[in-house]
Amino acid sequence: MFTENCLLYGLIQFDKPEEANRKKFLLTAIEFYEEKVKNENDPLTSAQSYVNIGHWHLLLNDYSKALSAYQAAYALRTKLNQSPELLFGLGIVYAYFGSNNQYVYSLYTHNAIRAFQQVLYTDSNFPRRAEVHIRLGFIYKQLLDYRSSLKHFLRSYNDSTLANGCTLSKKEILFFIGRLYEIQGDIQEAHDTYEKLVSTFVPAEQATLSSNGEQRNEHKLEAKVLRQLGWLYYYHTGDLQLGYDKEQRLKKAIQSLETSIKYDNTCGISFYYLGRCYAACKKHTEAFFTYRNCVDKLDQNADVWCSIGVLYQHQNQTMDALQAFVCAIQIDNKHSTAWMDLGILYEASSQPQDALSCYLKAVKEKDDSSNSELRLRITQLQTFLNQIPDTILSKQTRGPLPKIDEAFTLPIPAELTAKQQQIQQNSVCQSLQQPTQAIANSSTTNPSSESIFNSSHLHPPLIAQPQSTSMMMNSNSTDSNTIDLLQTSKNPKRLKTSDEASEQTLPNETKISAPQQNLDSIRIDKKLLNSDLHKDERLKRAQLDQQAPSIPYSDITSYELTKLIKNYASTYPPSQVSYLPDGRIPVPPPPPLPPLTKDQLNPPTPSVLLETRREATSPQLQQYCLSQPITVIRGLANVLKLDLGLFSTKTLVEMHPEHQIEVRTQRQQPSDENVDQTVTTYKKNIWKCESNRSYTTILKYAQYQAYSYHEMIKDEQQHDTSLPYAEQNQTSLNMLVNGNKTKQNKQINGNGLHSTSSLSDPQQYKRALRTIKFGTNVDLSDERKWSLQLQELAKLPLFMRVVSAGNILSHVGYTILGMNSVQLYMKVPGSRTPGHQENNNFCSVNMNIGPGDCEWFGISNEYWGVINQLCEKNGTNFLTGSWWPILDDLYEANVPVYRFLQKPGDLVWVNCGCIHWVQSVGWCNNIAWNVGPLTHQQYTISIERYEWNKLCQVKSIVPMIHLTWNIARNIRINDKKLYDIIKYILFQSLKYIQLCLQYLDLNFGQTIELRKQLRQIQEPAHYCINCEIEVFNILFVSEQDRKHVVRCLDCALQLDKNLENFVVLYQFSIDDLKTIYDQFQLYVLPTFTPRIPLSLPAPSQSHNPSSSTTTTTTTTT
């Protein structure tokens, strides 16, 4: 009856006069359906009514009512909950409230992410797919996940559904792609993207303004692009390989920025960048005039005032510089750069106490650990001032500048104060923007801001009087005349001002804002106003998707499946299939019920102490391990006589000293804490972990292990001079170097870690946060190099071995590093493996080589939904982020945690799905790998994670479809539940392959040639280069950056509707797959009954005849 739904959101503006009748009609429809739904008893009909009401409220921009209607429909739990239109509408509404409500920002934002992800999961050919990617790109940018944001903007840029209408044009999308490259530090890619975009614009002299102002909008976009290009030429000169010298780069920067201002003279940021360029060229007068224009448009930007202060300081106008820095701090009292520049000004004026106060404030407001010069200067000033008696300091003559306390009591411009109050009032009413979006592109100039510069008694003029101007042009900069307050023989390097120092990010403007309502301009294909997007095709495909999965897969042959699929022929591309047996959208599980008591939140860790070899190889051990979330097995190395010395640092160095090892640089701290490194004045625990990746060799890391040990001993002996302590640690060092020959060693006490209580002392706090290096991911998969080590592991019980017939991962067909191959970890005290579940929730085996201990934390898989929610709450990603759970948060969420020590020789079995994180207590090496028990539980939980990864657009390291076909080919299954799930996966895979082939045949016929390419030995499974889902059998190959890459059908069609630039390959013929599918049957174990030996005497005649008959019958059977 009504064609308007959420697919038209952003494409029609009902506030326009020409849409008044249509708006009135929608309001009438809403009233009618609201009345109708009150008397409706059918849940499905009621849900559909609520969905329609929500769509119409959304089109009218009434987000609150739209959300209420959507939630009412969702609460009815009908099949419409998987409707992509409903999920799309929900995503838009959640995103709107997420950007406008600071108190529930995280909840609404992550709900929006989940809704948009479910849209793409349920309908990979959604007509507004490009819009979904754009919205996800903005949301991830708000969450500072620039990598994910860039991925979605790139996918929207190449998406064919852009033609259906979108809130951003293709050029605007490309601009945001360039900005994301720039924010992530990929300056060359950003430059190339901007240059590519500039080449697409029509020159101003050739352009004609259209009635709707499209050309005007394009000029504003071109102004933004030129602005960023100018900034790259000025600021990131070392990152661009252009062959220009400094003078040429500044010239190009000024040229780009002047052109940008020509196209859009309302952008204050462009004036600010141009002022920086003029200042760098020593064009001080031009710089002052430009900064003045900038303040007219960016009256509440601390960066501008900070640069003005630096310019004043270079001209020896110290009082003017002081007031400019004070203005910057008044705007943002946590502006660390302004505090640092103010400190430099005080130090140059021989006022060390005030300089020290400013430097300490700068460090307090921002973690400037990377600014070694600032921290060195603070230490030098503190040392210098401590040597001066207080009596002399109190009698010190007044400096040329007012003291720091007096500086902030001086009158500041009244205009600035009024604008601050106005900003605070507006922030309550306006949409909450991301904190990093402090600079807004003002579209109009505030004429009243002129009074700032005309009131000389309130603030120094930006453009000095004639006398001052001549002085400015002829005076030398004070940079080289900075006073050395310490009067030492070696002058420390001076601190650089904010305009000179190397910064990690651009000014606040560099952050991209979320799409606001003005972005939803009318870019609409007229045919959309009259009919739904591809309505007929969507209905036909919906029928196919609903009917095909209902085929009883366990009772149907491949021939019957093929016959049924031909009856559902469609020219529309098939949607990706779900491999979950119930076909539902995967969602995190709710917390288990009933909730646990506080006494149950620290359960005893399941542990086994082995005393004999028979116990180690018994099936009871395997059954016990598979029944517990996590198990520590003690004594295994002793009873199996494992030579753990083969994995010691000494042996590794002797065998392959130049073998590569990945190194993670971390902060050493207690295992129950994860201190925020950006806060230096107090302890604040956070979930997010930070570590930097680098690479070295085994030899170099072994030297670091020994060095760190000696440094720790030296550090500890300064606080504890007990001789026995040193002797004990010397023994531990020898064991680390020489290897642990199957002995159970005591835990190293000298681990360098401090308890929570000791961190109250500043010096101990600093020691506890020392930098350490964790050697990880040492690959031991090469049998030629590590044959001795791999042969030793063959002594383990069968279910723990790296390679065995009952290990699912042994049937992948190629090496997956760290999963079906061994990896070694080399640790010093405090080395952390952050919280995670294993890839695709497979089990894992971890053995401690020693000599030190490791502390483990584990949580059962049934609580992963709670942990996922806590990760979102704490600003990290459960699947891809690096996080360290805080125990207090877990206990508050009623999550039980296993906690135990893994001693040398102990083996930890991590069952499927167990969440765990590990920290080394002493110096030790560990080896680990994954195994996949051939059980229904393991397979189910792995395929559920496979689908969850697909929804979250995260690559599944284990190719479950490829693996399932290999298992069907190689193994006979006698477990009915396991057989059912494997058969269903085969059915879904075969169905999708035939649908793809049928689609290609109907739409492309002879124009597309399918070429056979047999799989090679050890050839990895293939993944789509865009969406990272597994691509099995049918490969769409194209050339990208001089490499051949694989895409799935959906992504190939997004890039090229006609598939003209693709080569289509298949690796298995459809007949071969049908044969495997048909031959995979439930294997029934033969039953044997004992027969009576011939030597046994005949039954006694005195027996009851009925008994004799029963015995005979049993024997015959």
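The structure is a predicted model. In it, helix α4 is largely enclosed by the rest of the structure, and helices α36 and α37 are roughly antiparallel to each other.

**Helix α4**
- Helix α4 runs over residues 84-98 and has 15 residues.
- At 1.5 Å a residue it should span 21 Å, and its end C-alpha atoms are 20 Å apart, which agrees.
- Of the 15 residues of α4, 14 are buried, so the helix is largely enclosed.

- Residues 47-80 are 76% helix and 0% strand, with end C-alpha atoms 7 Å apart.
- Residues 302-335 are 79% helix and 0% strand, and the end C-alpha atoms of this span lie 7 Å apart.

**Helices α36 and α37**
- Helix α36 (residues 936-952) packs against helix α37 (residues 960-970) at an angle of about 150 degrees, and their axes are 11 Å apart.
- Angles over 145 degrees count as roughly antiparallel, and the pair is therefore described that way.
- On the α36 side, the contact is made by Y939, S942, I943 and Y946.
- On the α37 side, M960, I961, L963, T964 and I967 take part.
- Seven residues of this contact are nonpolar, two are polar and none is charged.

**Residue S942**
- S942 lies in helix α36.
- Its relative accessible area is 1%, so S942 is buried, the cut-off being under 20%.
- Apart from neighbours within four places in sequence, S942 is in contact with N840, N841, F842 and M960.

Definitions and conventions
Residues numbered from 1 in each chain as written. Predicted model: local features only at pLDDT ≥ 70, side-chain atom pairs only at ≥ 80, totals over all residues. Heavy atoms only, no water. Helix = DSSP H or I, 4+ residues; strand = E, 2+ residues; numbered from the N terminus. Expected span 1.5 Å × (residues − 1). Buried < 20%, exposed > 50% of the residue type's maximum accessible area, 1.4 Å probe, protein only. Axes fitted to C-alpha atoms, helices over the stretch in contact; angles between N-to-C directions. Parallel < 35°, antiparallel > 145°, perpendicular 65-115°, else oblique. Contact = heavy atoms within 4.5 Å. Nonpolar A, V, L, I, M, F, W, Y, C, P; charged D, E, K, R; others polar.
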